[in-house]
Amino acid sequence: ITDNRMYQPNDKSPLQIFVRAKKKINDIYGEIEEYVLETTTFITALHADAEIVDKAERELFESYVHKVAAIREVLQRDHMKVAFFGRTSNGKSSVINAMLREKILPSGIGHTTNCFCQVEGSDGGEAYLMKEGSDEKLNVVNIKQLANALCQEKLSESSLVRIFWPRERCSLLRDDVVFVDSPGVDVSANLDDWIDNHCINADVFVLVLNAESTMTRAEKQFFHTVSQKLSKPNIFILNNRWDASANEPEFQESVKSQHTERCIDFLTKELKVSNEKEAAERVFFVSARETLQARIEEAKGNPPHMGAIAEGFQIRYFEFQDFERKFEECISQSAVKTKFQQHSSRGKSVSGDMRSMLDNIFERITIFRDLKQDQKNLLTERIQGTETQMMQVTREMKMKIHNMVEEVEEKVSKALNE
Ligand code: GDP
């Protein structure tokens, strides 16, 4: 990687909703962890006095330490996930590349991705690849090498290759968005496996269609299966290759309204995942290839239209940006809900449990202290009694000795006189 483009943080990005929520929940869990550790030390010390805390209670408290640590680990790894589907060559890899603003995934004839490819951010400016079931980091020097690596390997169509790309090169990767590219829905019958293995935790699905043809049964079937497994999945539909419509301007509007109607019907009437208004905001007409080219030109300091393929570039480019904005809003809100809602309610229940346990222990300590005080009072009384007794005994003894001495003196002087 020779290009040193750096992305400035964009605090206005809707993705920041997720980024801030993640920071907040991680901070809260950091505090909970400190609290649990401190309390466990205290409980262990109390356990030494078995009258207050028993073994079972101490063990229960220790289990909270592990629970909280496990949640913290998951939280640190949480990200937003978007998965792309559609027939081979509709432009899935190109859409991902356009969003990443760089040609990362190989695309085009001969570079058909025949396994799942996940692109995620890497720390430390390194680009590498990892194959499923291996921890080995395979260095990626350039896109050609990556393409070869993906093509040469005999990978099963449902296996996963993870591509780690430097976070600082793309704001989406920096903000924890993970992209999943799939083999074309036309090549596989194992939709169930696909969904179970790679999609169950996706926050957003993007169906990439070819605007030059109509949606196929395979494309529809895939989303039917998805919506059976997930309740109300977030689905966006991209009618890609819309640049081709520039060749037939006389049909452009009618083709567009026909496609729009079909896509909206699919989301509302068939899948029943959105209402009309929402569905209308989820269908776009774009050109991924052109957007990618425009962005590559922009990065070189050239105007974006230098990447234009056909007439009408500006409209298509705006539409792609509009898609990105709505996508960012949707993924960020959905991920906060699905990823953090569960953790925050677990956090609440753990701290609630600990609190009632501590209240209980505190009550026992109070009772115990009162009991000790009573015992102390009783003991003090007894000691005082003993002291009085002792004094009396001493006094009596003294008198006795005194009398004895007097008696002896008397007897001795009498004996001397005699
Ligand atoms: P995938 O198999 O769905 O990942 O499709 P690719 O992204 O590999 O794209 C297949 C071919 O279509 C490549 O040669 C792309 O350059 C081309 N392509 C992708 N998007 C567009 C587009 O919007 N317009 C045009 N004209 N070609 C495109």
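Two strands are taken to pair if DSSP finds at least two bridges between them. In this predicted model, strand β7 (residues 204-210) and strand β8 (residues 235-240) run parallel and are joined by six bridges. Within this pairing, V206 has F236 of β8 as its bridge partner.

Both strands belong to an open sheet of nine strands with mixed pairing, ordered β4-β3-β5-β2-β6-β1-β7-β8-β9. Strands β4 (138-139) and β9 (283-285) form the edges; each has a single partner strand, so one side of each is left without a neighbour in the sheet.

Helix α3 (residues 92-100) lies across β1, β2, β6, β7 and β8. The direction of α3 is at about 160 degrees to β6.

Two further helices pack against each other. Packed helices are described by the angle between their axes and the distance between the axes. The values for this pair are tabulated below.

| Helix pair | Residues | Angle | Axis distance |
|---|---|---|---|
| α1 and α2 | 16-47 and 55-77 | about 160 degrees | 9 Å |

Because angles over 145 degrees count as roughly antiparallel, α1 is roughly antiparallel to α2. The crossing of α1 and α2 is left-handed.

Which residues of α1 meet α2? The α1 side comprises I25, N26, Y29, I32, E33, V36, L37, T39, T40, I43, T44 and H47.

Methods. Residues numbered from 1 in each chain as written. Predicted model: local features only at pLDDT ≥ 70, side-chain atom pairs only at ≥ 80, totals over all residues. Axes fitted to C-alpha atoms, helices over the stretch in contact; angles between N-to-C directions. Helix = DSSP H or I, 4+ residues; strand = E, 2+ residues; numbered from the N terminus. Parallel < 35°, antiparallel > 145°, perpendicular 65-115°, else oblique. Left-handed = near helix turned anticlockwise from the far one by under 90°. Contact = placed C-beta atoms within 7 Å.
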